[in-house]
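Reader: Could you take me through one part of this protein slowly, the patch where the aromatic rings come together? I'd like to know what surrounds it as well.

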Amino acid sequence: VQTYPTLHNNFSQEEYWHLYTREQNLKTIEPKVVIPMTTIYPKAAVITTEGVYCDNSNVNFVSFADNNEDLLYAFAGVVNSVIFRVMAKSLAIELTGGYSKYNKQYISKVPIPVSRFNNLDKLVYEISQISRKIEFCNNSNDFDGSQSLYKELNDIVQALYGIDDTEYQILRSEYHEKSAV
């Protein structure tokens with residue numbers, strides 16, 4: 001990895017070894033939702049500590065101006081939902097082995113009910129709370145507990161998007177069909 005000191009003589013190699021040449025996100029160190037770019041389906045995780053940055057070459061991220069953790073967890077919940085996954089998969093670049101490339105220019109086309117996030121809608125708050133519970137279950141290796149929570153998450157995201165049961169079943173069948181590949 002080429003670092004700043006190699007490019008700019010006014011930086012000390014010993015003191016600035018960690019500064020990558022891809023500068024655009026070095027100052028974006030607030031809490032964020034991270035989304036790996038290459039995976040079978042998009043997945044999101046929340047980083048609540050400050051000081052972590054993403055280089056945008058392998059990990060996408062979303063942050064909110066006021067560092068509202070409820071918004072971070074709600075957004076992660078939406079990304080981890082079946083609805084978002086199916087829409088994102090349809091827009092992403094397909095790779096071998098069932099993997100896809102979820103670059104920013106593709107996943108940014110997935111519609112998000114922004115007005116509901118802006119208004120801190122009740123459903124947004126509920127998604128946030130479920131996402132926190134899923135994180136707790138995953139961190140304590142309670143994967144059975146997280147599976148029942150994912151069903152609840154998907155139901156609430158369905159309501160957030162205003163998708164009826166017939167449309168949702170079509171999306172779910174698409175999700176199961178592609179995940180079996």
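Author: Here is a walk from the whole chain to the ring cluster, its sheet, and a few spots elsewhere.

A word on the model before we start: it is predicted, with local features needing pLDDT of at least 70 and side-chain atom pairs counting only at pLDDT 80 or more, while totals for chains, interfaces and linings use all residues. Residues are numbered from 1 along each chain as its sequence is written, and side-chain values use heavy atoms, with hydrogens and water left out.

Now the overall layout. The protein has eight helices and six strands, and along the sequence they come as α-β-β-β-β-α-α-β-β-α-α-α-α-α. Helices (H or I, at least four residues) and strands (E, at least two) are DSSP runs, numbered from the N terminus. Of the 181 residues, 40% are buried; buried means under 20% relative accessible area, exposed means over 50%, and partly exposed is in between, using a 1.4 Å probe and protein chains only. The protein exposes about 10,500 Å², with carbon and sulfur atoms supplying 51% of that; the areas come from the Shrake-Rupley method with a 1.4 Å probe, and for residues only the protein chains shown count as cover. Among contacts between residues at least 6 apart in sequence, 59% join residues at least 24 apart, where a contact means heavy atoms within 4.5 Å.

On to your rings. A pair of aromatic rings is described by the distance of the centres and the angle of the planes. For the cut-offs, rings of Phe, Tyr and Trp (its six-membered ring) pair if their centres lie within 6.5 Å; planes under 30 degrees apart count as stacked, over 60 as edge-to-face and the rest as tilted. Searching the whole structure turns up two such pairs. In one of them, the ring centres of F64 and F75 are 6.4 Å apart with the planes at 70°, so this pair is edge-to-face. F64 sits in the loop between β4 (59-62) and α2 (69-79), F75 is in helix α2, and 11 residues separate the two. Both F64 and F75 are buried.

F75 also pairs with F117, again edge-to-face, at 6.3 Å centre to centre and 70° between the planes. Because F75 lies in helix α2 and F117 in helix α5 (residues 114-118), this pair ties together parts that are 42 residues apart in sequence. Relative accessibility is 11% for F75, which counts as buried, and F117 is buried too, with a relative accessible area of 5%. Taken together, the ring pairs link F64, F75 and F117 into a cluster.

What else does F75 touch? Leaving out residues up to four places away in sequence, F75 touches V33, I35, V62, F64, I112 and F117. Take V62, one of these: its C-alpha is 8.6 Å from that of F75, and the two are 13 residues apart in sequence.

That leads us to the sheet. Strands of a sheet pair through backbone hydrogen bonds, either parallel or antiparallel. Here, three strands form an open sheet in the order β3-β1-β4, with antiparallel pairing; two strands count as paired if DSSP finds at least two bridges between them. β3 (45-47) and β4 are at the edges, each with a single partner strand, so one side of each has no neighbour in the sheet. On average, neighbouring strands are turned by 35° against each other, direction ignored. Strand β1 (residues 32-36) and β3 run antiparallel and are joined by three bridges. V33 stands opposite V46 in β3. Helix α2, the one that carries F75, packs on this sheet and touches β1, β3 and β4, its direction making about 20° with that of β1. Axes are lines fitted to C-alpha atoms, for helices over the stretch in contact, and angles run from 0 to 180 degrees between N-to-C directions.

Rings meet charges here as well. The charged end of K32 sits over the ring of F61, 5.7 Å from its centre, and K89 lies over the face of Y41, at 5.2 Å from the ring centre. The test is that NZ of Lys or CZ of Arg is within 6 Å of the ring centre and within 35 degrees of the ring normal. K89 is among the buried residues of α3; seven of the 10 residues of that helix (residues 82-91) are buried, so it is largely enclosed by the rest of the structure.

Phi of N67 is near 55°, a positive value in a residue other than glycine, and at 27% relative accessibility N67 counts as partly exposed.
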